[in-house]
Structure formats: structure tokens, C-alpha cells
Amino acid sequence: MANAGTKNRPLSPHLQIWRWGPHMFVSIMHRVTGNGLAFAGLGVLLWWLGALASGPAAYATFAWAMTTPIGYIVLVGISWAFFTHMMSGLRHFVLDIGAGFELKTNRTWSILSPVLGVVLTVAFWAILLLR
Amino acid sequence: MGNGTSIGRVRGLGSAKTGPHHWLVQRFTAIGNLLLVLWLAVSILLLPDLTYASVSEWLATPVPATAMALLVVSTFWHARLGLQVVVEDYVHEHANKFACIAALNLAAFAGAAFGVFCVVRLALGAHA
């Protein structure tokens with residue numbers, strides 16, 4: 001590898017040089033929620049499945065942990081991360097086919113996707129707790 | 001064709017043909033996650049309650065067991081691909097990057113195997 005030619009090359013402008021816009025926020029949140037889902041989401045999923053496979057005593061421990069205040073924060077956080085990641089992921093599908101790059105359209109959906117993520121989270125918990 | 005920069009050395013050689021594989025599988029697993037996690041969310045809302053008896057009885061039936069096993073595979077695969085990109089973006093030292101991706105592979109396969117095993121154990125009547 002000829003690293004000499006690649007070291008100290010000019011870098012493309014990074015975060016601090018751009019004027020902030022919602023498309024930057026939605027992109028960063030996509031990564032943040034994806035990481036959260038990978039660690040907390042899949043962790044809780046495996047705990048849930050492991051507790052189910054282990055029996056009623058293990059499930060009681062899981063159910064106790066998830067109904068403490070911290071447990072609820074974790075579960076609400078995971079559901080919010082999922083719906084937010086899902087909405088920004090759907091936005092990615094649209095961008096992948098080459099649509100939605102017009103400035104106004106792009107701005108609109110960058111604002112709408114995280115908002116819809118919150119709306120879906122609230123709807124999910126409202127149905128779950130109020131049924 | 002120059003030889004001073006990495007782009008200069010590869011310019012004009014054409015594509016490597018396998019470049020989009022990671023990108024495409026990230027999308028394919030995303031479609032799987034979309035369907036399967038929405039199925040899980042709706043199922044949780046449709047269950048009468050979330051007690052051990054209700055959930056284990058439901059998850060032991062064939063269609064939910066199959067869907068849950070697929071969900072585990074699809075989400076762990078997708079997470080493994082996504083975290084690989086995160087590692088590649090932030091870990092620049094070659095040895096550390098290799099170690100991170102090796103650990104990521106182990107964790108992803110171990111997690112998915114554990115999840116599928118739990119579903120199979122429940123479905124094949126661990127507590128029936």
C-alpha cells in the first residue's frame with residue numbers, strides 16, 4: 001500500500017462547515033437509533049426469548065425488570081428507536097430509487113419521518129396500555 | 001492514469017462487480033425487518049396479555065415460531081451489516097478495525113443462534 005500518497009491529503013468538508021438542516025438530523029438519528037436497536041433492542045429481544053425458553057421463573061424476572069420505571073424507559077426507547085429507524089429507513093428506500101431529492105420534498109420528509117416515528121410510538125403504547 | 005492517489009490508481013479499471021452486495025443485502029434485510037418487526041408489534045397488541053402463559057403458548061404455534069425465527073435472523077444480519085459500516089467509519093487503525101469486525105461477527109452469529117434456539121426449544125414443547 002502506497003500510504004505516502006494518501007496521508008495528509010485534503011479532506012472533504014465535515015459537519016461543522018455546513019449549515020444545519022433537517023436532512024442532517026434525520027441521517028444522524030438513523031445511525032443513532034440503528035445502534036440503539038442493535039444493542040438495546042436485540043439485547044432485550046434475546047432476554048425475552050431466553051426467558052420464555054427457560055420457563056416461568058425466568059420470565060417473572062424479565063417481566064419484573066421491564067415493568068420497573070427504568071424498564072419502561074428502555075422499552076419505550078426501543079419502540080421509539082424502531083419506529084424512527086423504520087420511518088427514516090422508508091425514506092432511504094425512496095431516496096434509493098432516485099426520488100425525493102428536490103430541496104422542498106427532501107426537507108419535508110426529513111422533518112416528517114422523525115415526527116411520524118414519535119406518532120407511531122405514542123399510538124403503539126396508547127393501544128397497548130389503554131386496551 | 002496516475003499513481004499518486006488511491007482514486008488515481010483505480011480510475012479507468014471498471015467496477016469490481018461485487019461492490020453493491022453489502023448495500024443490497026442491507027436493503028433485503030431491511031425489507032425483512034420491516035415486515036417481521038411490524039408483525040411482532042401487531043402481535044404484541046393483539047395478544048390478550050403478555051403473561052408467560054399467553055406468550056409462550058402463542059410463540060409455540062408454527063406460524064409465530066417461524067416468523068420469530070426469521071425475525072431473529074433478519075434483524076441480526078441487518079444489525080451486523082449496519083454496525084460494520086459504523087466500525088469502518090470510526091475505527092481507522094487496520095488491526096483494531098479487523099478486531100472489531102471479528103468480534104461483531106462472533107456476537108451477531110452467537111446472538112442469532114441463541115434466539116433461534118430459544119424459539120425452537122419453545123416450539124418443540126419445552127414446557128408443554
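Visitor: Which residues of chain A does UniProt list for "transmembrane region"?

Guide: This is a predicted model, in which local features need pLDDT of at least 70 and side-chain atom pairs count only at pLDDT 80 or more, while totals for chains, interfaces and linings use all residues. Residues are numbered from 1 along each chain as its sequence is written, and chains are lettered from A and ligands numbered from 1 in the order in which they are written. UniProt positions follow the numbering used here, with feature names shortened and annotations that may be inferred rather than shown by experiment. Under "transmembrane region", the unreviewed UniProt entry gives for chain A residues 28-49, 61-83 and 111-130.

Visitor: How far apart are the end C-alpha atoms of residues 111-130 of chain A?

Guide: Helices (H or I, at least four residues) and strands (E, at least two) are DSSP runs, numbered from the N terminus. Residues 111-130 of chain A are 100% helix and 0% strand, and the distance between their end C-alpha atoms is 29 Å.

Visitor: What is the radius of gyration of chain A?

Guide: Chain A has 4 helices and 0 strands, and from the N terminus on its elements run α-α-α-α. The globule rule, 2.2 Å times the number of residues to the power 0.38, is compared with a radius taken over C-alpha atoms. For 131 residues the rule gives 14 Å, and chain A is more spread out than a compact globule because its radius of gyration is well over that value, at 20 Å.

Visitor: Which residues of helix H3 of chain B are buried?

Guide: A residue is buried if 20 or more other C-beta atoms, placed from the backbone, lie within 10 Å of its own, exposed if 12 or fewer do, and partly exposed in between. The face of H3(B) turned away from its buried side carries the exposed residues B:Ala53 and B:Ser54. In H3(B), residues 52-59, the buried residues are B:Val55, B:Ser56 and B:Leu59.

Visitor: Within what arc do the buried residues of H3(B) fall, seen down its axis?

Guide: The arc is that of the directions from the helix axis to the C-beta atoms. The buried residues of H3(B) line one face of the helix, because they fall within an arc of 90 degrees.

Visitor: Which element gives the largest share of the side of chain B that touches chain A?

Guide: Two residues are in contact if their C-beta atoms, placed from the backbone, lie within 7 Å. The contact takes 27 residues from chain B and 23 residues from chain A. On the chain B side, helices H2 (21-46), H3, H4 and H5 each give two or more residues, and the largest share, 7 residues, comes from H5(B).

Visitor: Which element gives the largest share of the largest nonpolar core?

Guide: A nonpolar core is a set of buried Ala, Val, Leu, Ile, Met, Phe, Trp, Tyr and Cys residues joined through C-beta atoms within 7 Å. The largest one has 33 residues, and among those with the most contacts inside it are A:Leu52 and B:Leu122. Leaving aside neighbours within four places in sequence, B:Leu122 is in contact with residues that include A:Leu52, A:Ala53 and B:Leu59. The largest share of this core, 8 residues, comes from H1(A).

Visitor: Is B:Lys17 buried or exposed?

Guide: B:Lys17 lies in the loop between helix H1 (6-10) and H2 of chain B, and although not a glycine, B:Lys17 has a positive phi of about 75 degrees. With 7 other C-beta atoms within 10 Å, B:Lys17 is exposed.
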